[in-house]
Amino acid sequence: MLEKTILDKFLRRFKNGTLNVHYWDGTSVSYGSGNPTADMTVTDKKIVRAIFKNLSLGFGESYMDGSLLLEPLDDFMAIAYMNLPEYVDLAQKLNPKILLKKNVTKKQAEYIQKHYDIGNDFYSMWLDNETMAYTCAYFKKPTDTLAQAQIQKFDHVLKKLQLQKGMSVAEFGCGWGHLLVRAAKKYGVTGVGVTLSREQYAHATELAKIEGVDHLVRFELKNYQDLAAEGGQYDRVYSVGMLEHVGRGKQAEYFGAVDKLLKPGGISLMHSISSQVDRNTDAWIDRYIFPGGHLHAVWQLASYLPEYDFRLMDLESLRLHYAFTLDAWWHGFENHKDEVIEMFDERFYRMWRFYLVGCSASFRYGELDLTQMVFSKGINNDLPLTREHIYLTD
């Protein structure tokens, strides 16, 4: 049978981990060796055709539909990314057939709202309610709780920004508002946070009132380009988990906006998922999770700094921190499986499960990284000589 022969030939290239494949004709074959071990049940030969039409969409959609069974999913994803060169080689041959969504300004609100405006009730199920942070946390030890690690991330970011009372800040992609509110409460800064998500904007605005800092900070429902076009000068401009949404080839727009808003000598921080190399966006992620997004390679981002006389101050990888974060999100998500299915449906549940578990494995074994980059606008000789301020306890 042609489909079985093709899939068998591909899987025999796997060396790391053991994948037990159960075919639609009742036969089973094991590929690779060692741990971890996972089972893949292919219920129909049509699945193989879908996979070889587009690797990412074929696996993702077949799993979402329940026709491809992958258990345990985390071990399957580990095996997949441990054998990443084989996947990348095939994906590069197949993915060019898929038309990815173009990230143009008029579409950005639609793309953001598709992901973030599916309901605060949904996100509050598995994000920690204390911070509602949907970005990489900062674990000082693996046993830290998610809420603890997210607060540590907030403080890690704010210390890198070297805030002082009375400074003004601008946040691109403010999420649910907790980072900017914490900056106002802890350091007495003023500023603005922008988002294209209506749900996030409403939550952040209410949070500022509840925490008593609405006289210091405000939130606006707008694009970061719109904020830059309005003008104004800020002591600090930063983004946490926003650059992933600006789109491929849009780095100049992002850094140009920072340049317009940041005072000479001011500091900017960028916290973003990054990739080892510049590849096309994953087709399944583009269609179902983050339309129009793109992961930039660190070397590409750094190459833009000289154009604006931005001086690199600090570069840090938090790769494993994001794996720990995703593990916590996934386990929280699984604890609310019945509620998620009732709120949406089983296909939606499997879609998000595939996304969360797959991303965790990619940070552990694949090409994903989390980069924090800090830079100043021009030369600032008054900044600390060491990084000691980042690690001093309050």
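Start with Thr325, whose side chain reaches the backbone oxygen of His321 at 2.7 Å, a polar contact (N or O atoms within 3.5 Å, one able to donate a hydrogen and the other to accept it; residues adjacent in sequence count only if both atoms are side-chain atoms). Before you click on, keep in mind that this is a predicted model, where local features need pLDDT of at least 70, side-chain atom pairs count only at pLDDT 80 or more, and totals for chains, interfaces and linings use all residues. Residues are numbered from 1 along each chain as its sequence is written, and side-chain values use heavy atoms, with hydrogens and water left out.

Now show helix H15 (residues 319–334), where Thr325 is found; helices here are DSSP runs of H or I with at least four residues, strands are E runs of at least two, and both are numbered from the N terminus. Is Thr325 buried or exposed? Thr325 counts as buried because its relative accessibility is 0%; the cut-offs are under 20% for buried, over 50% for exposed and partly exposed in between, with a 1.4 Å probe and protein chains only. Select its contacts (heavy atoms within 4.5 Å) beyond four places in sequence: Thr135, Cys136, Ala137, Phe139, Leu146 and Gln150.

Next, the largest nonpolar core, with 69 residues. A nonpolar core is a set of buried Ala, Val, Leu, Ile, Met, Phe, Trp, Tyr and Cys residues joined through side-chain atoms within 4.5 Å. Helix H17 (residues 346–365) gives the most to this core, with 11 residues. Tyr123 is among the residues with the most contacts inside it; beyond four places in sequence, Tyr123 touches His115, Tyr116, Ile118, Met132, Tyr134, Trp176 and Trp352. A second, separate core of 28 residues includes Cys174 and Val374.
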